[in-house]
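Please read them alongside the sequence and the structure.

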Amino acid sequence: MKKLYLFLIFNCFIAVVFAQAPQGFNYQAVARDASGVALINQSVGLQISLLQGSATGTAVYTETHTLTSSNIGLLNLTIGNGTPVTGTFSSINWAAGPYFVEISMDVTGGTSYVLMGTQQLMSVPYALFAANSASGVAGATGATGNDGATGATGPMGPMGMGMPGMPGSNGATGVTGATGNTGTTGVVGTTGVTGATGTTGATGVAGVTGVTGTTGATGATPAFAVQFNLVDNGSFSAWLIGNTSDYVSGSNSNPTLTLYRGFTYYFNVTISGHPFRIASTAAFPGTPFNTGVTNQDAQGSILIFKVPMDAPSTLYYHCIFHSGMTGVINIL
């Protein structure tokens, strides 16, 4: 019998302003087996329910899809455009949330669905929310704009029709006077004697050194870039790290993290018995990388990591008690 297939989800909601709100939003997921290998070019059946209020709330809408994964296991669909089972998508009141997406799957492409998990919709697609919300108050009239540039000069008008007067007769040319004689050039005077250079004056006395100013106040500690919340997966075989896809690559089970030099990160280790270590080596339990690290091997507390500017391009994280709880940190 086939192993249970996991369904690891990352989603993307697209809200576009149309004359009328689109009745649906895009959803992407990757189908993987229990070993984390993507199910490629395989027909799968999905049942999607929108739950109101909580992860176990009332299903206000349920639909089904049958589709084929890509050559990397990717599934693309539009929630709202499937085959309805219960409810009407267009009648959902998005302002009455929160709402949760419940995913069930049949890896054979049939309808024997197995529950994969439930995830909260963290933001409602704008166009769908706007379709159910009241109109806002009209904004104040904007200020009058600046005067436009002066237009180009128009063409010259037609010439008047008046008759020109008759030209007068030329007067007689006067007699040219005789040219006078050129005077003789005067004698150049002699150059005067250059005066002697004066002696250099004495150097003035150096002024007294000014008083040293007081030291300025210490600047505020910069805010950290992001906080990761860490728990174990319940079987001590993987870290579960929660954050956005800007910093977590793949699923949140032993994910690859991406950190940036010069930024500060908090790792909130919410459980005891799993000391969290940032290491320079991949082999368990890893050689501690202590530069920029506060509270190394934290458990039930927060490890702070200010990434140094000369940090290596690859680091690692470990639970120093459990070899399966480990992952890679890319440094940019």
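1. A salt bridge is taken here as a side-chain nitrogen of Lys or Arg within 4 Å of a carboxyl oxygen of Asp or Glu. On that criterion the structure holds 1 salt bridge, in which the side chains of Arg277 and Asp297 meet at 2.9 Å, N to O. Arg277 lies in strand 14 and Asp297 in the loop between strand 15 and strand 16, so the pair ties together parts that are 20 residues apart in sequence.

2. The model is predicted: local features need pLDDT of at least 70, side-chain atom pairs count only at pLDDT 80 or more, and totals for chains, interfaces and linings use all residues. Residues are numbered from 1 along each chain as its sequence is written, and side-chain values use heavy atoms, with hydrogens and water left out.

3. There are 1 helix and 18 strands in the protein, where helices (H or I, at least four residues) and strands (E, at least two) are DSSP runs numbered from the N terminus. Of the contacts (heavy atoms within 4.5 Å) with a separation of 6 or more, 59% are between residues 24 or more positions apart.

4. Buried means under 20% relative accessible area, exposed over 50%, and partly exposed in between, with a 1.4 Å probe and protein chains only. Buried residues make up 27% of the 332 residues.

5. Strand 14 pairs with strand 17 (residues 314-319) in the antiparallel sense over 4 bridges, pairing being assigned if DSSP finds at least two bridges between two strands. Within this pair, Ile278 stands opposite Tyr317 of strand 17.

6. An open sheet is formed by 5 strands in the order 10-9-13-16-15, with mixed pairing. Its edge strands, each pairing on one side only, are strand 10 (239-242) and strand 15 (293-294). Strand 15 is joined by 2 bridges to strand 16 (residues 301-306), the two running antiparallel, and Thr294 stands opposite Ile304 in strand 16.

7. Tyr260, Phe263 and Leu332 make a nonpolar surface patch of about 290 Å²; patches consist of residues with over 30% relative accessible area and no salt bridge, like charges being joined within 9 Å and nonpolar side chains (Val, Leu, Ile, Met, Phe, Trp, Tyr) within 5 Å. Leu332, in the segment after strand 18 (326-331), is exposed, with a relative accessible area of 52%.

Terms used:
Accessible areas come from the Shrake-Rupley method with a 1.4 Å probe; for residues, only the protein chains shown count as cover.
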